[in-house]
Amino acid sequence: MALPGINELVSLDGKCAIVTGAAQGFGAAIARRLGEAGAAVFVADRNVEGAEQSAERLRNLGYNATACSVDIADRGKVTALVDAAAERTGRVDILVNNAGIYSNYYFAQMPPQEFADTVSVNVVGTFQMSQEVVQRMVADRQGGSIVNIASVDAFNTSAEGLAHYTTSKHAIGGMTKSMAIELAAHSIRVNAVCPGAAMTEGAIALVTAGAPEGIDVEAQWDGIKERTPLRRLCDPDDVARAVLFLASDMAAFVTGAFLVVDGGILVQPLEGYVPPSGH
Ligand SMILES: NC(=O)c1ccc[n+]([C@@H]2O[C@H](COP(=O)([O-])OP(=O)(O)OC[C@H]3O[C@@H](n4cnc5c(N)ncnc54)[C@H](O)[C@@H]3O)[C@@H](O)[C@H]2O)c1
């Protein structure tokens, strides 16, 4: 039996993809790769101007991109976005739940609202986007692929001051597993990408703003590169490539998986580890 060619496997021609948080950072890089693979990409973000600019950059590259306004924590706006995307392209084939927020507060001093907001966007937002898309995918019986952007914090907390964030990313892990099991019967694959630290626009803002509770955010980021076996930070396109793999037929038999994109930082021994010096 002839195998499908590699271009066919990776192609998203004729598919519709929604990427949340795609105005900047990982989301913009993900939207770019999905657009390059042929998908009609909905660049969704609560930063409308940023989404317009991101979509414009993709259109200038010859890709099919439409900017959309959404606050994923607001169910009404989520429903409107998914309705608009489905109406325009016929159906939603791919959803990338990338939008997320992060900040630094020691647990004892963390404002309860900060904890609630983080869970509201990262967890409830991902649930709402997914449920709206899944209900349509189930109804039209054509399957689909959902990729949740988790973090290495879905496994371990990567630094102090991240209890809210780490909680939210563990929850994304649980949601990914539950969705994968329940939705497999509908040919909907659900996977997570777990990136390591990257200097995205959001991360740069966090570092330059410092942390109100006295956490030295800059010190947290210094040295990550040295502790990473591949000796660099994550690049947004590293994440985008992993998402393209999971979204495409390259990953046709992959569901409930956690694809860690961290340069090896999670698997190294905890203490006394000396990264390879080159040999
Ligand atoms: N940067 C890192 O080191 C890192 C590492 C691991 C995982 N992540 C995860 O990757 C994802 C993207 O992170 P990033 O660093 O690119 O962030 P970023 O702050 O640079 O970009 C996030 C985008 O999401 C949008 N957004 C935030 N809340 C939203 C909401 N309620 N509705 C719609 N859009 C919203 C923002 O406007 C922004 O454009 C997040 O889920 C984050 O937790 C980041």
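Start with V43: if you skip its neighbours within four places in sequence, its contacts are V19, A22, A31, A51, S54, A55, A65, T66, A67 and C68. You're looking at a predicted model, so local features need pLDDT of at least 70 and side-chain atom pairs count only at pLDDT 80 or more, while totals for chains, interfaces and linings use all residues. Numbering starts from 1 along each chain as its sequence is written. Helices (H or I, at least four residues) and strands (E, at least two) are DSSP runs, numbered from the N terminus.

**The sheet**

- Seven strands make an open, parallel sheet, ordered β3-β2-β1-β4-β5-β6-β7. Two strands count as paired if DSSP finds at least two bridges between them.
- Which strands stand at the edges? They are β3 (64-69) and β7 (258-261); each has a single partner strand, so one side of each has no neighbour in the sheet.
- On average, neighbouring strands are turned by 20° against each other, ignoring direction. Angles are taken between axes fitted to C-alpha atoms (for helices, over the stretch in contact) and run from 0 to 180 degrees between N-to-C directions.
- β4 (residues 94-97) pairs with β5 (residues 144-149) over four bridges, in the parallel sense. One detail of that pairing is that I94 has S145 as its bridge partner in β5.
- β1 and β2 are also parallel partners, over five bridges, and I18 sits opposite F42 in β2.

**Helices against the sheet**

- Helix α5 (residues 112-140) packs on the sheet and touches β1 (16-20), β4, β5 and β6 (188-195). Its direction makes about 175° with that of β4.
- Helix α6 (residues 163-183) lies across β5, β6 and β7, at about 160° to β6.

- How many residues of β2 (residues 40-45) are buried? Six of its six are. The cut-off for buried is 20 or more other C-beta atoms within 10 Å of a residue's own; 12 or fewer means exposed, in between is partly exposed, and the C-beta atoms are placed from the backbone.
- A40, F42 and A44 point one way from β2, while V41, V43 and D45 point the other way. As a rule, side chains in a regular strand alternate between the two faces of the sheet.
- The largest nonpolar core has 73 residues, and the members touching the most others are A17, V19, L34, V41 and V43. A core like this is a set of buried Ala, Val, Leu, Ile, Met, Phe, Trp, Tyr and Cys residues, joined through C-beta atoms within 7 Å.
- Helix α10 (residues 236-247) is the top contributor to this core, giving seven residues.

**C68, over in β3**

- C68 is in strand β3 and counts as buried because it has 23 C-beta neighbours inside 10 Å.
- Beyond four places in sequence, the contacts of C68 are F42, V43, A44, A51, L81 and A84.
- C68 and D45 are 23 residues apart in sequence, with their C-alpha atoms 6.5 Å apart.

**Around the ligand**

- There are 31 residues surrounding the ligand, the closest being G21, G25, G100, T200 and G202.
- The shell splits into 14 nonpolar, 13 polar and four charged residues. Nonpolar covers Ala, Val, Leu, Ile, Met, Phe, Trp, Tyr, Cys and Pro; charged covers Asp, Glu, Lys and Arg; the others, Gly among them, are polar.

**Loops and a helix residue worth a look**

- R141 is exposed, with 8 C-beta neighbours inside 10 Å.
- R231 also has a positive phi, near 60°, and sits in the loop between α9 (224-227) and α10. Is R231 buried, exposed or partly exposed? R231 is partly exposed, as 13 other C-beta atoms lie within 10 Å.
- A185 is in the loop between α6 and β6 and is exposed, with 8 other C-beta atoms within 10 Å. Its C-alpha atom is 9.1 Å from that of G143, which is 42 residues away along the chain.
- A219 belongs to helix α8 (residues 217-221) and counts as exposed, with 10 C-beta neighbours inside 10 Å.

How values were computed:
Two residues are in contact if their C-beta atoms, placed from the backbone, lie within 7 Å. A residue is near a molecule or strand if its C-beta atom, placed from the backbone, lies within 6 Å of it.
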